[in-house]
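Reader: I have a model open and some questions about it. Can we go through a few spots?

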Amino acid sequence: MVGAIVALAAVAAGGTWVGSGATPAPQPLTDAEFQEASGVYFQRCAGCHGTLRDGATGPALGPVTMRKRGTQVLEAIIHNGLPGGMPAWGKAGLLTPSQINLMARYLQMPAAEPPQLSLDEIRASWRLIVPAAERPTTPQGKGDWRNYTGVILRDAGKVAILDADTKRRVALVDTGYAVHILRASASGRYFYAIGRDGKVTLIDLWFPTPTTVAEVKGCIDARSVESSKYAGFEDRFLIEGCYWPLQYVVFDGLTLEPMTMHDYPTATFDEGKTLREVRVATIVADPEGPRWVVALKESGYVALVDYSAPDFPITKMIPGQRFLHDGGLDHTGRYFSIAANERNQMVVVDLLKGERVARIRTGRTPHPGRGANWKDPKYGWVMATTHIGEGKLTIYGADPAGRPRYAWKVVRQIRLPSPGTLFLKTHPRSPWVWTDATLSTDPKAARTVCVYSNARGRLHRCFPISTYGRATHIEYNRQGTEVWISNWDRRGEIVIYNDRTLKPIRRIRGSWLRTPTGKFNVTNTARDIY
Ligand code: DHE
């Protein structure tokens, strides 16, 4: 008991937990409680800790260790969060005290394995709502569809499409559960939305009001989709990577008709150890050829999937690092850079040669989103990452042709006021790099964004975007003159800044704007501008 009190005090004070020794057995869960807890775990916890609780961005939560922690300590951690990035679910009002108690007991039970999903079941979920031949042949909307911006309304399971010129909402579309990201087809005409429940929604932006034309569910749990973008393959295929089951699925890009489903090797790249859970993290379309670059999180491989070959096979497994999470392309499109959360590194892959060229130690739990590319006055082209585990912007050389001396080496480290950053973003026409601190346990820091000056090589200014909520994810308009930031809250806002003066120019609000998270401008997303 004393151990538990010490641990509780440490956690309440913002430290890591220190409990040990025997704790009372948890109160068993009824069937209904187990169902509810599985749902909460899937929605809130599985992404970081793994479906089978073997750990990834967050630590493993096996029943033996959890039993040692005991119900009280686990409740305190879930309520208060931890400085390394574990959200304060209770303090933030996202889980109730009874849900927290439920989760503390659930974690002490063995992990439940979700069912598989066969190609037949995927086919049965496919719904073609408007065949391609019945869709508009020219854009029918009033505004410039190339400047539409899709805004994820996470908890509503919807996507709002806004016109970045007029700032008007042009459509509100139903999507999958706890919808995660959007990706654009190569032409930009289509948005693909991916829900955490694996449901893909195909939205055609050429209708007078952007409309869902097809949907399908290729996974039980998913985070990423990407379209085929190489010349001759534009808008033709779509890949969905699953968090569960361990598979990727390829669809027709215009109809979402399922074409094939593949599993992949599950041995780790370094020790050859076979894992029970290897999930698909980031996917990007390779500008160097008809391939998707698919990050296999737990095994640490970057797989290349050939979409010019009949059955969409993996043609190469490039050893990267563990655990791969999020990343994007350099300004030439030749290099792919991805965070290996667990090892505090960024991994760089040369897509032309199909080999890893660098591992860069950056800081605690790097998390760049797709990252950012700009020209540094001293070091030439650079890329950068922010971190969940510490307040730091780490900038590394990314100009092997022009400045080989600095290529893939850390060239600047900029202190940020708080850990908990999820995203950074810039635009070729912007003088700044913007960062958020969404996961900060300090509420004021969580609604603060920072702006780094590319020309001066230093932090310019940090400021809160609102008096409540959490600032998350940054996106530019097509012209690169305005910046959109989400206030992730039930009373959500999109706060738009003039990117030259850094002055707010518009606050978009409305009862429909519930829990906005990611934002995806058609042109920037289709062309990988970041
Ligand atoms: Fe994401 C990108 C996974 C939590 C918003 N997120 C990604 C990618 C992955 C990923 C693998 C890269 C996709 C790609 O490029 O193909 N995200 C996960 C998780 O596993 C995690 C940590 C926990 C979970 O349970 O899902 C997680 N993500 C979140 C959030 O809590 C965010 C902030 C809001 C939400 O959806 O709940 C969130 N993730 C985003 C966004 C991107 C993203 C907006 C795309 C960034 C971009 O600019 O492209």
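Reader: Which residues of α2 are buried?
Author: This is a predicted model. In α2 the buried residues are Ala37, Val40, Tyr41, Gln43, Arg44, Cys45, Ala46, Gly47 and His49.

Reader: What covers the buried residues of α2?
Author: The cover includes α4 (97-106), β9 (221-227) and β10 (237-244).

Reader: Where does α2 bend?
Author: At phenylalanine 42, by about 50 degrees. The end C-alpha atoms of this 19-residue helix (residues 31-49) are only 23 Å apart, short of the 27 Å that a straight helix would reach. Glycine 50 follows α2 and has a positive phi, near 95 degrees.

Reader: Now α3. Where is the kink centred?
Author: On glycine 70, with an angle of about 95 degrees. Gly70 is buried, and so are Arg69 and Thr71, among others in α3.

Reader: What comes just after α3?
Author: Glycine 81, which takes a positive phi of about 75 degrees.

Reader: Different topic. Is aspartate 197 buried or exposed?
Author: Aspartate 197 is buried, yet has no salt bridge. Lysine 217, the nearest side chain of opposite charge, is 5.2 Å away, and a salt bridge needs the nitrogen and carboxyl oxygen within 4 Å.

Reader: Which backbone nitrogens lie by the side chain of aspartate 197?
Author: That of tyrosine 177 lies 3.2 Å from a polar atom of the side chain, and that of lysine 199 lies 3.1 Å from one.

Reader: And where is aspartate 197 placed?
Author: In the loop between β6 (190-194) and β7 (199-204). Its contacts beyond four places in sequence include Phe42, the residue where α2 bends.

Note on methods:
Residues are numbered from 1 along each chain as its sequence is written. This is a predicted model: local features need pLDDT of at least 70, side-chain atom pairs count only at pLDDT 80 or more; totals for chains, interfaces and linings use all residues. Side-chain values use heavy atoms; hydrogens and water are left out. The bend at a residue is the angle between axes fitted to the seven residues ending there and the seven starting there. Helices (H or I, at least four residues) and strands (E, at least two) are DSSP runs, numbered from the N terminus. Buried means under 20% relative accessible area, exposed over 50%, partly exposed in between (1.4 Å probe, protein chains only). Lys and Arg count as positive and Asp and Glu as negative; His and the chain ends are not counted. A polar contact is a pair of N or O atoms within 3.5 Å; within protein, one must be able to donate a hydrogen and the other to accept it, and residues adjacent in sequence count only if both atoms are side-chain atoms. Contact means heavy atoms within 4.5 Å. The expected span of a helix is 1.5 Å times one less than its number of residues.
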